[in-house]
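Here is a look at how the pieces of this model pack together. Take a moment with the sequence and the structure first, then read on.

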Number of protein chains: 2
Amino acid sequence: MSFKIEKKIKNSLGRAGLLETAHGVIRTPAFSPVGTKATVKSLTPEAVQSLGSKVVLANTYHLYLQPGSDLIKKAGGLHNFMNWHGPIITDSGGFQVFSLGVAYGKDLSKVVKITDPSLMIPERFDDDNAPRLAKIGQDGVSFKSHLDGSVHYITPEKSVEIQHDLGADIIFAFDECTSPSEDLKYQEEALERTHSWAKRSLEEHLKRRNTEQKFPLLFGIVQGGRDERLRKKSAEFIGGLDFDGFGIGGSFAKEDMSSAVKWVNEVLPEEKPRHLLGIGEPEDILEGIENGVDLFDCVAPTRNARNGTLYTKKGKINITNTGYREKFSPIEEDCLCYTCRHYSSAYVCHLFKSKEMLAGTLATIHNLYFIINLVAGAREAILADNFFEFKEGFLAKWGK
Amino acid sequence: MSFKIEKKIKNSLGRAGLLETAHGVIRTPAFSPVGTKATVKSLTPEAVQSLGSKVVLANTYHLYLQPGSDLIKKAGGLHNFMNWHGPIITDSGGFQVFSLGVAYGKDLSKVVKITDPSLMIPERFDDDNAPRLAKIGQDGVSFKSHLDGSVHYITPEKSVEIQHDLGADIIFAFDECTSPSEDLKYQEEALERTHSWAKRSLEEHLKRRNTEQKFPLLFGIVQGGRDERLRKKSAEFIGGLDFDGFGIGGSFAKEDMSSAVKWVNEVLPEEKPRHLLGIGEPEDILEGIENGVDLFDCVAPTRNARNGTLYTKKGKINITNTGYREKFSPIEEDCLCYTCRHYSSAYVCHLFKSKEMLAGTLATIHNLYFIINLVAGAREAILADNFFEFKEGFLAKWGK
């Protein structure tokens, strides 16, 4: 087994573990920074590593379109291409196809116009101004590239092929991410598709076992919206397949961390790792950990950073506010990140006001350090049997 | 003396030396990266240092306007503010006042409309789309901020005060940088002003000797356009004052490296260091070194980098060209910079095409490494008595 549970949180689903991949061990729970286009925006891989990050997540959809998974395969895979030699996760592309792709073709069964703002989960997007339209058939999804209008058709087999070409350590089955505004009938249809695509993804993946040296772990994705019956049904179906781990996909509100996430993790086989896709607010992460999540990824810390929104133990601040102009102490006094050890709030404020590139870099370092170390702290707390004190201690200050 | 000549190039004005400053020794000749707004765009100070750079140059005009020299003084000076603990050079602000300031007021003697493209030396600008208009009186220069339209009046005394507030190690006397298109009569008037301002800058500087712990070196600036008589006159006048070193200012064409620069350095006292302001093309640097220049600064390597124009031993290339899309070897095979050691041309090309921030960072690292090490190589060659072979060897490949 590639996953080993070291310790459980008493009276909850939470746990600390070790997840072995072809490029190293991830100590869980862990937060994975997002490097959408094979780069964590504004940072060198060495800078990402020095924050304590063991793993990064890249987006299949983006890399498939630019520079192309064939090119990355020729470059020797993502690790070589982007100079990141630790574990890499790629998503299936499903979420982006639905959220960024442009509809194309008339012979497909359903046009999903994703206009519901609740599905435009800002944490899941690292691109602005992208159209949100795609066409879905039983066999796969057709879409137009948001970059050049070129037409693409992604099937579960194709998604797995692309991800094998990219060469990540953890890859995902192709799924349909539905809008919570869709009616129950459509949710059920979509879930059937996701389940059928999960089986096809797994078959395509296993075909390759003998041909590839470094074989990735394949995670199946549980969907089902916010409906308890569908979520449990999906967890049972996906949990029953021979995946190495599981992704929990969909559009989530804060309250879903302790409902939908819990429903799913009560059903999923305990001995396999679980990745809650696209969730990254501190309070949501802690709730997710308590409810049995092992891996997180989210663009929020990095995207917030580039907008000047910085995390502190008391909540988020905007470093461009006038009050920081002459604050010569660090963003957070007791923070040990590179930015806080070497620069004042006034300097970071100046860089943002001056539109300097280093602004994004220093802010990203601070926010990623904050989140990565929050999750690492939760892990230590689980191992030391005091997770709930850790969580309450954090939440007592956060946002106050 | 703060400057020591170690070795001279036979039959030329060139030399290698050691320049001692309050924050360390600069081995000359040396190239100083430009950190206009207290940051070398896209790099951390540690990254700048790891390129072999011992010194950075910041722009007084920009910092005076944003965040303000008073704020930087309160922050403990530029070194502390920007986390650069080696030597820092600031210019006098004169060049930017004339080139970026907006004209204001009616009671001044002369409106200089800098519309001659030859004065809009691209190497001297790190800001785009800036208006180029200022008004000059005998006492100083009036201008409107290009940022917020606020009105400012800079005198030689004010320029020195600002630079002492910033706390650099090498500072410059306030000067008027004229357009080569001005007639000789105006050039002479402007030169008289520059000389009078040089004396006033020096007086203001020396007043502060007893009050400041880390006392900077003050360099006087030689002007005189492209006129031999005026250049020599200026070198004699400025060279006769008690400056710690000299700047050679003005607008230069390629051929001026071996004419105007030579005229000046034949006159300037040999035992003091000379900084050729704003020059940074490889061939110009080598010509400048041969003609007795010790220090260079220029935005060209960093600005070119951000546009995807990269230096190689054979000349400049544009990394976004189609030919680099699938070039899996480094930008330059035998280059030892961080970028070439870890990334392919294809990856850097991908980052530029994807508009990723890391594109600018990796390109800046490569270009600065190239220029800093070209100058360091020239220094080694001088010490080893083979400067001309070094120069010819470089030029035989460059641009071919």
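## Two helices crossing in chain B

H13(B) passes H14(B) in a left-handed crossing (left-handed means that the near helix is turned anticlockwise from the far one by less than a right angle, right-handed that it is turned clockwise). The contact between them takes Val348(B), Leu351(B) and Phe352(B) from H13(B), and Leu358(B), Ala359(B), Leu362(B) and Ala363(B) from H14(B). Here, two residues are in contact if their C-beta atoms, placed from the backbone, lie within 7 Å. Sorted by class, that makes 7 nonpolar, no polar and no charged residues. Ala, Val, Leu, Ile, Met, Phe, Trp, Tyr, Cys and Pro count as nonpolar, Asp, Glu, Lys and Arg as charged, and the others, Gly among them, as polar.

As for the geometry, helix H13 (residues 345-353) of chain B and helix H14 (residues 357-383) of chain B pack at an angle of about 135°, with their axes 7 Å apart. That makes H13(B) oblique to H14(B). Angles under 35 degrees count as roughly parallel, over 145 as roughly antiparallel, 65 to 115 as roughly perpendicular and the rest as oblique. The axes are lines fitted to C-alpha atoms, for helices over the stretch in contact, and angles run from 0 to 180 degrees between N-to-C directions. Helices (H or I, at least four residues) and strands (E, at least two) are DSSP runs, numbered from the N terminus.

## A note on the model

This is a predicted model, so to speak of local features takes pLDDT of at least 70, and side-chain atom pairs count only at pLDDT 80 or more, while totals for chains, interfaces and linings use all residues. Residues are numbered from 1 along each chain as its sequence is written, and chains are lettered from A and ligands numbered from 1 in the order in which they are written.

## H14(B) again, with H10(B)

H14(B) has another partner in helix H10 (residues 282-290) of chain B: their axes come within 11 Å and cross at roughly 25°. H10(B) and H14(B) are therefore roughly parallel to each other, and their crossing is right-handed.

From H10(B), the contact uses Pro282(B), Ile285(B), Leu286(B) and Ile289(B); from H14(B), it uses Ile371(B), Leu374(B), Val375(B) and Ala378(B).

## Two domains in chain A

Over in chain A, the domain assignment (automatic or from a database) gives domain 1 (31-298) and domain 2 (305-397). Each of these domains of chain A puts 17 residues into the contact.

Which helix gives the most to the domain 1 side? In chain A that is helix H10 (residues 282-290), with 6 residues. The residues on this side of domain 1 divide into 10 nonpolar, 4 polar and 3 charged.

## How the chains meet

Chain A superposes on chain B by a rotation of 180° with 0.0 Å of shift along its axis (RMSD 0.0 Å), which is the relation of a two-fold axis. In chain A, the C-alpha nearest the axis belongs to Met357(A), 3.8 Å from it. The same surface serves both copies, with 100% of the contact residues of chain A recurring in chain B.

In numbers, 30 residues of chain A are in contact with 30 residues of chain B. Helices H3 (69-74), H4 (78-82), H13 (345-353) and H14 (357-383) of chain A each supply at least two residues of the side that touches chain B. H13(A) gives the most, with 5 residues. By class, this side of chain A has 12 nonpolar, 11 polar and 7 charged residues.

Most residues other than glycine have a negative phi, and most peptide bonds are trans. The bond from Thr28(B) to Pro29(B) is cis, with omega near 0°, and Pro29(B) sits in the loop between strand S3 (24-28) and strand S4 (30-32) of chain B. The bond from Gln66(B) to Pro67(B) is also cis, with omega near 10°.

Methods
Copies are superposed by least squares on the C-alpha atoms of residues with pLDDT of at least 70 in both.
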